[in-house]
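Hello,

Here is the structure I promised to pass on to you. Please open it beside this email, and I will walk you through what turned up.

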Amino acid sequence: MEAYKRWVRQNRDYVHSLESLANGLTWLLPERFSESEIGPEAVTTILGIITAINGHIIDTTPNQNIRGYVEPYSFPYPLCLSALKDLETLVEVVAQHYYGDDKKWNFLAVTEATKVLVRLSLFRKSGYKMLLHGGETSNDETHLDSFTTQHQNNLGENPWNLEGRALSALSSFGEKARMGLDAVWLRRVQHQKAIIEPTVSRVERPTLFTMLSKRGLRGALFLIGEVLFISRPLIYVLCIRKYGIRSWTPWFLSLAVDCVANSILSVVTTSVIGGKEQMFHLSAPEKDEVKRRKLLFVLYLMRDPFFSKYTRRRLESTEKVLEPIPIIGFLTAKIVELMIGAQTRYTYMSGS
């Protein structure tokens, strides 16, 4: 195992290229999105877990240039969350195949509940900082400039706001319908930034009491907003389990929770509360995370019943218009086919 770790750390670019190629080829596997797609999904899940393990190995590379460097957490939260997200689609496919469309929601509810518990534990362990990329990207490093400014100003600011150098974004649509920058590349950026910050030591994480006592109402609102954002996928799947995927109730309730969570975050970071200027500053990666969360609203266009009533018709009409055009018509048909197939999977469109 140690030999494999050394090889991954020494050949990270090569490993990343192989992972990207393999994950892309899984979309060309036969029987993808068919009734018997357990095999292709199992291959995709295994590749996803291997990618997560390799990313964890790179993240935990011992760095002798950082004074006082220690492992962020005794439990590998990002690795656990990445593995759970990769396993969730396989769980959905297997449960649907053996137990049917209705009972599969019981298994998905258990999976989402597990993810919520892990994220809440990570939220507490991190000192109640914003989770980046659902907890898959670390928000546990201190930027050198912020660290220096804090000591020069001597304002006693909570270091919770100044930590985190991850650039959070959505992964590709082919990797559970997420968009944006690749998470593996982000981990490499984090590691490179850590190398040029040799004098930064670990700052003690604030407790819930410390956070609330210093932040007051603003801190309490932020806490509520983050808990809502973390819990939203579980609320959504439980509503689907009760009302059915064709009901508007889960769709509207999930949208309401997302709107409330994002509104709270906007209030605590940009508004004046109690006649005082806002003091809740977000780091650069946290601002990127806010943008990512806003982009997740696009997934509501792909969720039933909205997709069946509106989006699918628009996609099919576009396909018919472009069908006579050589090459473009073929590519459009393939893209529409993949989108309609991916839409049938809850885990691809859940945004969790």
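Predicted model: local features only at pLDDT ≥ 70, side-chain atom pairs only at ≥ 80, totals over all residues.

**Charged pairs**

Lys 104 has a relative accessibility of 6%, so it counts as buried. Glu 92 is buried as well, because its relative accessibility is 0%. As background, side chains of opposite charge can pair when their charged atoms come close. In total, the count of salt bridges here is ten.

Another of these joins Lys 115 to Glu 112, with 3.5 Å between the closest N and O atoms. These two sit three residues apart in helix α4 (residues 77–125), so about one helical turn separates them. Both Lys 115 and Glu 112 are buried.

The side chains of Arg 293 and Glu 226 meet in a salt bridge at 2.7 Å, N to O. Because Arg 293 belongs to helix α10 (residues 284–295) and Glu 226 to helix α8 (residues 217–243), this pair ties together parts that are 67 residues apart in sequence. Arg 293 is buried, with a relative accessible area of 4%, and Glu 226 counts as buried at 2% relative accessibility. Through shared partners, salt bridges join Glu 226, Glu 289, Arg 292 and Arg 293 into one network.

Arg 293 has an aromatic neighbour too: its charged end sits over the ring of Phe 229, 3.9 Å from the ring's centre.

**Aromatic rings**

How many aromatic pairs does the structure hold? There are eleven. One of them is formed by Trp 251 and Phe 306, which are stacked, with 5.6 Å from centre to centre and 5 degrees between the planes. This pair links distant parts of the chain, since Trp 251 is in helix α9 (residues 248–270) and Phe 306 is in helix α11 (residues 306–322), 55 residues apart. Trp 251 counts as buried at 8% relative accessibility. Phe 306, at 21%, counts as partly exposed, because buried means under 20%.

Both residues belong to one aromatic cluster, made up of Trp 248, Trp 251, Phe 252, Phe 297, Tyr 300, Phe 306 and Tyr 310. Over the face of one cluster member, Tyr 300, lies Arg 303, at 4.3 Å from the ring centre.

**Around Gln 343**

Arg 303 also turns up in the surroundings of Gln 343. Gln 343 lies in helix α12 (residues 328–343) and is buried, with a relative accessible area of 10%. Leaving aside neighbours within four places in sequence, Gln 343 is in contact with Met 302, Arg 303, Asp 304, Phe 307 and Met 349.

**Backbone details**

Asp 304, one of those contacts, is joined to Pro 305 by a cis peptide bond, with omega at about 5 degrees. Pro 305 lies in the loop between α10 and α11. For context, most residues other than glycine have a negative phi, and most peptide bonds are trans.

Which residues are worth a look for their phi? Tyr 128 is not a glycine, yet has a positive phi of about 60 degrees. His 133, also a residue other than glycine, has a positive phi near 55 degrees. Tyr 128 lies in the loop between α4 and α5 (144–153), and His 133 lies in the loop between α4 and α5 too. Tyr 128 is buried, with a relative accessible area of 11%, and His 133 is buried with 2%.

Helix α8 has a feature of its own: a kink of about 45 degrees at Ser 231, shortly before the proline Pro 233. After α8 comes Gly 244, with a positive phi near 100 degrees.

**Cysteines**

How many disulfides are there? The count comes to zero. Among the cysteines, Cys 80 counts as partly exposed at 21% relative accessibility, while Cys 239 counts as buried at 11%.

Enjoy exploring the model, and write back with any questions.

Best wishes

Note on methods: Residues numbered from 1 in each chain as written. Heavy atoms only, no water. Disulfide = S-S within 2.5 Å. Buried < 20%, exposed > 50% of the residue type's maximum accessible area, 1.4 Å probe, protein only. Phe/Tyr/Trp six-rings, centres within 6.5 Å; stacked < 30°, edge-to-face > 60°. Helix = DSSP H or I, 4+ residues; strand = E, 2+ residues; numbered from the N terminus. Lys NZ or Arg CZ within 6 Å of the ring centre and 35° of its normal. Contact = heavy atoms within 4.5 Å. Salt bridge = Lys/Arg side-chain N within 4 Å of Asp/Glu carboxyl O. Bend = angle between axes of the 7 residues up to and from the residue.
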